[in-house]
Amino acid sequence: MTIAIVGGTGPEGSGLALRWARAGEKVIIGSRSAERACAAATKIAEQIVGTGDYIRASILSGAKNSVACDGADVVVLTVPFEAHAETLKQLKNSFRPGQILVDTTVPLAASVGGRATRTLGVWQGSAAQQAAEVVPEGIAVVAAFHNVSSELLKGADPIDCDVIVCSDDKEAAKKIRELARKIPGIRAIDGGKLENARTVEQITALMIGMNIRHKGHSGIRITGLPTEAYEI
Ligand SMILES: NC(=O)c1ccc[n+]([C@@H]2O[C@H](COP(=O)([O-])OP(=O)(O)OC[C@H]3O[C@@H](n4cnc5c(N)ncnc54)[C@H](OP(=O)(O)O)[C@@H]3O)[C@@H](O)[C@H]2O)c1
């Protein structure tokens, strides 16, 4: 599977790239600038080389967002909310039917100069639903990773966090849960339809507030479900 990370030069995209490259997935870092993308890919590869894993480091590359998107099976969107709709519109001709778009975007009020502990109302219900409205037909939109902090992704330790995966496309959601589980420590759970992304996105604003108050990097765990819920 080839994974393109649009906006992969930022902390969230770079962190996911690092973890998936370590798991042996082919990752292309995307950016508005090919130079920045390659520099970010090199930096992540150096981190992997540091652990002696030359083969996994070599499967990382960088490209302009459109080129990265064009060559991928899974496109992960990690740009701030203010760039969300515009970035997807610009990539319209780079998407191919059958691809999966994973949206990690949280519509934080910080996008319009407000607080990172508050969210904006999105007309469609959530950033992920906005994405579904913008992408061409044939692209499955999956909402995931909103509650995984980049601070936890950038290290090597197992991540103490669950990933709630929401989508109207069951097959696509299953593939993304499998991808999430490649990151040590992460459990992935079926969060139901894409409309539920609205709730999952909001949790992040709450977590940011708790991180500030308690000076930490919080994650979430859903408890009380049968073991199969974390495996399907
Ligand atoms: N950071 C976290 O811990 C975290 C956790 C969960 C979810 N998220 C979500 O993940 C997304 C990315 O978070 P982040 O902290 O990595 O964001 P970020 O650093 O603010 O931005 C990520 C990348 O997006 C690109 N970008 C920035 N402004 C843009 C614009 N106006 N138009 C097009 N591209 C632009 C930049 O890449 P280039 O300049 O190279 O193009 C930047 O490096 C956000 O939506 C956030 O809500 C973040």
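Trainee: Which residues come nearest to the ligand?

Mentor: This is a predicted model, with local features needing pLDDT of at least 70, side-chain atom pairs pLDDT 80 or more, and totals for chains, interfaces and linings using all residues. Numbering runs from 1 along each chain as its sequence is written, and side-chain values use heavy atoms, leaving out hydrogens and water. Around the ligand there are 21 residues (a heavy atom within 4 Å). Those that come nearest are Thr9, Ser31, Arg32, Val79 and Ser150.

Trainee: How far from an oxygen atom of the ligand does a backbone N or O atom of valine 79 lie?

Mentor: Look at polar contacts, pairs of N or O atoms within 3.5 Å. Arginine 32 brings a polar side-chain atom to 2.8 Å from a ligand oxygen. Valine 106 uses a backbone N or O atom, at 3.1 Å. For the backbone atom of valine 79, the distance is 2.6 Å.

Trainee: How many charged residues are in the shell around the ligand?

Mentor: Charged means Asp, Glu, Lys and Arg; Ala, Val, Leu, Ile, Met, Phe, Trp, Tyr, Cys and Pro count as nonpolar, and the others, Gly among them, as polar. The shell has seven nonpolar and eleven polar residues. Its charged residues number three.

Trainee: Which residue does the side chain of lysine 154 meet in a salt bridge?

Mentor: A salt bridge puts a side-chain nitrogen of Lys or Arg within 4 Å of a carboxyl oxygen of Asp or Glu. The whole structure has seven. One of them joins arginine 187 and aspartate 162, at 2.8 Å. For lysine 154, at 3.0 Å N to O, the partner is glutamate 151.

Terms used: A polar contact is a pair of N or O atoms within 3.5 Å; within protein, one must be able to donate a hydrogen and the other to accept it, and residues adjacent in sequence count only if both atoms are side-chain atoms.
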